[in-house]
Amino acid sequence: MVRYFIDNFRSAFDNKMKKNNVFVVIAAYNEERSITRVIKGLKKHGYRNIVVVDDGSKDSTFEIISKSGATALQHFINRGQGASLKTGIDYALMKGADYIVTFDADGQHHPEDIERLLKPVMNGECEAALGSRFLKKDSNTPFLRRLVLKMGVLVVWILYGIKLTDSHNGFRVFSRTAAHRINITSDRMEHASQIVEEIHSRRIPYKEVPVTITYSDYSKQKGQRGWNSVKIGFRMLFRKLTH
Ligand SMILES: Nc1nc2c(ncn2[C@@H]2O[C@H](COP(=O)(O)OP(=O)(O)OP(=O)(O)O)[C@@H](O)[C@H]2O)c(=O)[nH]1
Ligand SMILES: [Mg+2]
């Protein structure tokens, strides 16, 4: 009985210690309606180092983050999710992060999935864990979005020679080493393909891990339009041909 309590206490203590060097980086653009819930959810799961980059929002996102207890960084103009993640990752590295989680501000990601992503990186199995909504059966991704994402998988395979099940999933974990090596120079949504390309070309060991991505009315109304995805595809192709 005593042994049971000691083991439980030790495992809770170990988990807390492990989470101390985990930094969760969130890019947020006009997310005043969801950001409080997202930060609270992460804190509830024991994450203390939460870095939110307000990407020149026109609403009160920055004021909300500043009062939330999370670290609030700000772009004075809107620069895009890629640029925001770079700002947040650079900050986390500067603060000594050992593990970096990239997490969305619109409530589509679930904090309970973070441990599953962290595990293979902490075990030394890989340096980057990439979330995949398609390794799980219960995906609630709308049909059109699913189609666009599957095309993205195909394009990434053809352009970069890397075959993933979900190449445009913003939920990931990087080790400190991987975060240092992955150079995000694409400011906007093409950064997702660039991260995959960097992982491949720099031979960073990676693993796909199942995660749940929730599509709510809010996220669907705020999320990416089909046309935008086509533009991203063209920009990826342009980048590939000119680099
Ligand atoms: N759209 C957009 N999002 C940004 C920008 N800067 C930061 N973000 C954040 O990036 C995250 C992902 O943006 P989404 O537009 O939802 O993209 P997505 O989740 O890949 O696409 P959906 O599956 O359609 O939701 C959110 O947390 C945004 O707040 C920006 O300039 N534009
Ligand atoms: Mg979204």
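Biologist: Okay, I've got one term down: two strands count as paired if DSSP finds at least two bridges between them. Now, what helices and strands are there in the chain?

Modeller: This is a predicted model, by the way. The chain has ten helices and seven strands.

Biologist: And how compact is the chain for its 243 residues?

Modeller: Its radius of gyration is 18 Å, close to the 18 Å that the globule rule gives for 243 residues, so the chain is as compact as a globular protein of that length. If you picture a box along the principal axes, the C-alpha atoms fill roughly 60 × 40 × 35 Å.

Biologist: How much of it is buried?

Modeller: Of the 243 residues, 40% count as buried. Also, take the contacts with a separation of 6 or more: 74% of those come from residues 24 or more positions apart.

Biologist: Remind me, how do strands of a sheet pair?

Modeller: They pair through backbone hydrogen bonds, either parallel or antiparallel.

Biologist: Let's zoom in on strand 1. Which way does it pair with strand 2 and with how many bridges?

Modeller: Strand 1 pairs with strand 2 (residues 49-55) in the parallel sense, over six bridges. For instance, Val 24 has Ile 50 in strand 2 as its bridge partner. Strand 4 (residues 99-104) also pairs with strand 1 in the parallel sense, again over six bridges. There, Val 25 stands opposite Thr 102.

Biologist: Is strand 1 enclosed or open to the outside?

Modeller: Seven of its seven residues are buried, so strand 1 is largely enclosed by the rest of the structure. Both faces are covered: Val 22, Val 24, Ile 26 and Ala 28 are buried on one side, and Phe 23, Val 25 and Ala 27 on the other.

Biologist: What about strand 5, how many of its residues are buried?

Modeller: Five of the five, so strand 5 is largely enclosed too. Ala 128, Leu 130 and Ser 132 point one way, while Ala 129 and Gly 131 point the other way.

Biologist: Which way does strand 5 run relative to strand 6, parallel or antiparallel?

Modeller: Antiparallel: three bridges join strand 5 (residues 128-132) to strand 6 (residues 172-175). In one of them, Leu 130 has Arg 172 as its partner. Strand 5 runs parallel to strand 7, with five bridges joining them, and Ser 132 stands opposite Pro 210 there.

Biologist: New topic: the ligand. How many residues surround ligand 1?

Modeller: There are 19, and the closest are Tyr 29, Asp 55, Ala 105, Gly 223 and Gln 224. Strand 1 (22-28), helix 4 (81-94) and helix 9 (217-222) each give two or more residues to that shell.

Biologist: What kinds of residues are in the shell?

Modeller: Four are nonpolar, nine are polar and six are charged.

Biologist: Someone mentioned phi. Is it mostly negative or positive in residues other than glycine?

Modeller: Most have a negative phi. Asn 30, though, has a positive phi near 50 degrees and is not a glycine. Asn 30 sits in the loop between strand 1 and helix 2 (35-44). With 19 other C-beta atoms within 10 Å, Asn 30 is partly exposed; counting as buried takes 20 or more.

Biologist: And what is phi in Arg 203?

Modeller: Positive as well, about 50 degrees. Arg 203 is in the loop between helix 8 (191-201) and strand 7. It counts as exposed because it has 9 C-beta neighbours inside 10 Å, and the cut-off for exposed is 12 or fewer.

Biologist: Last one: where is Ser 229?

Modeller: In helix 10 (residues 226-242). Ser 229 has 18 C-beta neighbours inside 10 Å, so it counts as partly exposed. Leaving out residues up to four places away in sequence, Ser 229 touches Val 148 and Gln 224. From Arg 203, Ser 229 is 26 residues away along the chain, and their C-alpha atoms are separated by 27 Å.

Definitions and conventions: Residues are numbered from 1 along each chain as its sequence is written. Chains are lettered from A and ligands numbered from 1 in the order in which they are written. This is a predicted model: local features need pLDDT of at least 70, side-chain atom pairs count only at pLDDT 80 or more; totals for chains, interfaces and linings use all residues. Helices (H or I, at least four residues) and strands (E, at least two) are DSSP runs, numbered from the N terminus. A residue is near a molecule or strand if its C-beta atom, placed from the backbone, lies within 6 Å of it. Ala, Val, Leu, Ile, Met, Phe, Trp, Tyr, Cys and Pro count as nonpolar, Asp, Glu, Lys and Arg as charged, and the others, Gly among them, as polar. The radius of gyration is taken over C-alpha atoms; the globule rule is 2.2 Å times the number of residues to the power 0.38. Two residues are in contact if their C-beta atoms, placed from the backbone, lie within 7 Å.
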